[in-house]
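Please examine the following model with its sequence at hand. The account begins with a helix pair and then turns to the chain around it and to local backbone features.

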Amino acid sequence: MTFFSRGISKLSLLTLLLFIIFPSFSAEEDHSEIHDLMAHLLDPAAEAIWDSAGFVITEEGEFSLEPKNQEEWDKVLYGAKVISESAFLLSRPEISKNRKDWIAVSGLLKVVGDKAFEAAERQDVEELFKVGADLYQVCVACHQTYMTD
Amino acid sequence: MKKIFKIIGISFVLIFGMSTYLSSHHAFTAEFDPNAPINITGKVVKVEWINPHAWVHVEVKEGGKTTVWMVEGGTPNTLIRNGINKKTITPGTVIVVRGYQSKGKLCLPRCIANGRDVTFPDGRKVFMGSSGTGAPRDGSDPRERR
């Protein structure tokens, strides 16, 4: 066994021991499903909504971020539907742990997701911009309670 | 023995690093350093009115060097409620932003800060951040409970 592999073995063993000694660290693992759901499902879906409404002002003028063709609108529709359906995923007992506040905020995701979908169907950029702000408020409401540093 | 301490140290870094990453996504402290306050004075060159955060790009000229700072603000709706709109913050306006630098303070790939308040040429100072993001309670946010 080389010095390097011995070091790695010791490192693995001690990392394991530290996880056992400090269960609060390993408790993070309990939330990995939520982390993945947020990072790989909800975040990209929310970005699709946020990036599709608004404007950029420079010295050259004002530029709208609204989708320019049906393909781009389809991405917004998809994002809105993902947000809406995520409410059900987050409300599952194994994730919600039957916490009333959690389930209530998940329900708000359904409401804003549906609003975003309707706005995207109508290609109503102003409404989409407003819904984007509402969506952020729902995110913040949940993070303030359940995502602590 | 030294090796064991070294390994324990590395293990701690790994565990703390992982737990910080997992728990701090989106929070102020994930991206910005509460111990790195900054004042940015310069000309607005670009304003992005997008959710969930508006961004104000400020060109700072110092010692013959020009740097553009990207300053994160609150939601566009929050800014509008506070009296900041696309007519009040336009390219060319010279502003002073008080905020906090991003954790990577080397401006790589760009200089980023979280804006707390902005002072306009007429002396008006307005809160430009968001409440409840975990930013320091520095008196900028009028909604902060004292």
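Helix α6 (residues 100-122) of chain A packs against helix α7 (residues 125-146) of chain A at an angle of about 165°, with their axes 9 Å apart. Axes here are lines fitted to C-alpha atoms, for helices over the stretch in contact, and angles run from 0 to 180 degrees between N-to-C directions. Helices (H or I, at least four residues) and strands (E, at least two) are DSSP runs, numbered from the N terminus. α6(A) and α7(A) are therefore roughly antiparallel to each other, a term for angles over 145 degrees.

On the α6(A) side, the residues that make the contact include Trp102(A), Val105(A), Leu109(A) and Lys115(A); on the α7(A) side, they include Leu128(A), Val131(A), Asp134(A) and Tyr146(A). Contact means heavy atoms within 4.5 Å. By class, the contact of α6(A) with α7(A) has 14 nonpolar, no polar and 5 charged residues. Ala, Val, Leu, Ile, Met, Phe, Trp, Tyr, Cys and Pro count as nonpolar, Asp, Glu, Lys and Arg as charged, and the others, Gly among them, as polar.

The model is predicted: local features need pLDDT of at least 70, side-chain atom pairs count only at pLDDT 80 or more, and totals for chains, interfaces and linings use all residues. Residues are numbered from 1 along each chain as its sequence is written, chains are lettered from A and ligands numbered from 1 in the order in which they are written, and side-chain values use heavy atoms, with hydrogens and water left out.

Chain A has 7 helices and 2 strands, in the order α-α-α-β-β-α-α-α-α from the N terminus.

Phi is near 50° for Lys97(A) and near 60° for Asn98(A). Most residues other than glycine have a negative phi, and most peptide bonds are trans. Lys97(A) is partly exposed at 47% relative accessible area, while Asn98(A) is exposed at 57%.

In chain B, a cis peptide bond joins Asn51(B) and Pro52(B), with omega about 0°. Another cis peptide bond joins Leu108(B) and Pro109(B), with omega about -5°.

Definitions and conventions. Angles under 35 degrees count as roughly parallel, over 145 as roughly antiparallel, 65 to 115 as roughly perpendicular and the rest as oblique. Buried means under 20% relative accessible area, exposed over 50%, partly exposed in between (1.4 Å probe, protein chains only).
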